[in-house]
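Biologist: I'm new to this one, so please take me through it slowly. I'll keep asking what the words mean.

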Amino acid sequence: MAESEDALTIRHVAERLMKAHPQLDAGLVHSSVQTAYEELRYARVRTYLPVLMERRAKDLLPSDGQAELDA
């Protein structure tokens, strides 16, 4: 069964964030991306959904300095 367009978007955004922030837990990244998607899923204009999701997910993730303090 093929993935839906939204599922592909979620996966691609999560992959980009994990590459950009390899020190963060993958589950935390996926959770933040899923939360961002849930907040934006009913957007009427979907062209910029991946960019908006990535920005929102970054806001939900701990900053690099905070992640180092938690480790």
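Modeller: Let's start with the polar contact: a pair of N or O atoms within 3.5 Å, where within protein one must be able to donate a hydrogen and the other to accept it, and residues adjacent in sequence count only if both atoms are side-chain atoms. Bear in mind that this is a predicted model, where local features need pLDDT of at least 70 and side-chain atom pairs count only at pLDDT 80 or more, while totals for chains, interfaces and linings use all residues. Residues are numbered from 1 along each chain as its sequence is written, and side-chain values use heavy atoms, with hydrogens and water left out.

Biologist: What does the side chain of Ser32 reach?

Modeller: The backbone oxygen of Val29, at 2.9 Å. The limit is 3.5 Å, so this pair is within it.

Biologist: Where is Ser32 found?

Modeller: In helix 2, residues 26–40. Helices here are DSSP runs (H or I, at least four residues; strands are E, at least two), numbered from the N terminus.

Biologist: Why is Ser32 called buried?

Modeller: Buried means under 20% relative accessible area, exposed means over 50%, and partly exposed is in between (1.4 Å probe, protein chains only). Ser32 has 5%, so buried it is.

Biologist: Which residues is Ser32 in contact with, leaving aside its neighbours within four places in sequence?

Modeller: Ala57, Leu60 and Leu61. Contact means heavy atoms within 4.5 Å.

Biologist: Which residues of helix 2 are buried?

Modeller: Val29, Ser32, Val33, Ala36 and Tyr37. They cover an arc of only 140° around the axis, which puts them on the same side of helix 2. The arc is taken from the directions from the helix axis to the C-beta atoms. As background, an α-helix has 3.6 residues a turn, so residues three or four places apart point the same way. The buried residues of helix 2 pack against helix 1 (5–20) and helix 3 (49–60).

Biologist: How do you know that the buried residues of helix 1 are on the same side?

Modeller: The buried ones are Thr9, Ile10, Val13, Ala14 and Leu17. Their arc around the axis is only 125°, which puts them on the same side of helix 1. On the other side of helix 1, Glu5 and Lys19 are exposed.

Biologist: What makes Asp6 and Arg46 a salt bridge?

Modeller: A salt bridge is a side-chain nitrogen of Lys or Arg within 4 Å of a carboxyl oxygen of Asp or Glu. Asp6 and Arg46 meet at 2.6 Å, N to O, so the pair qualifies. This pair links distant parts of the chain: Asp6 is in helix 1 and Arg46 in the loop between helix 2 and helix 3, 40 residues apart.

Biologist: How many salt bridges does the structure hold?

Modeller: It holds 5.
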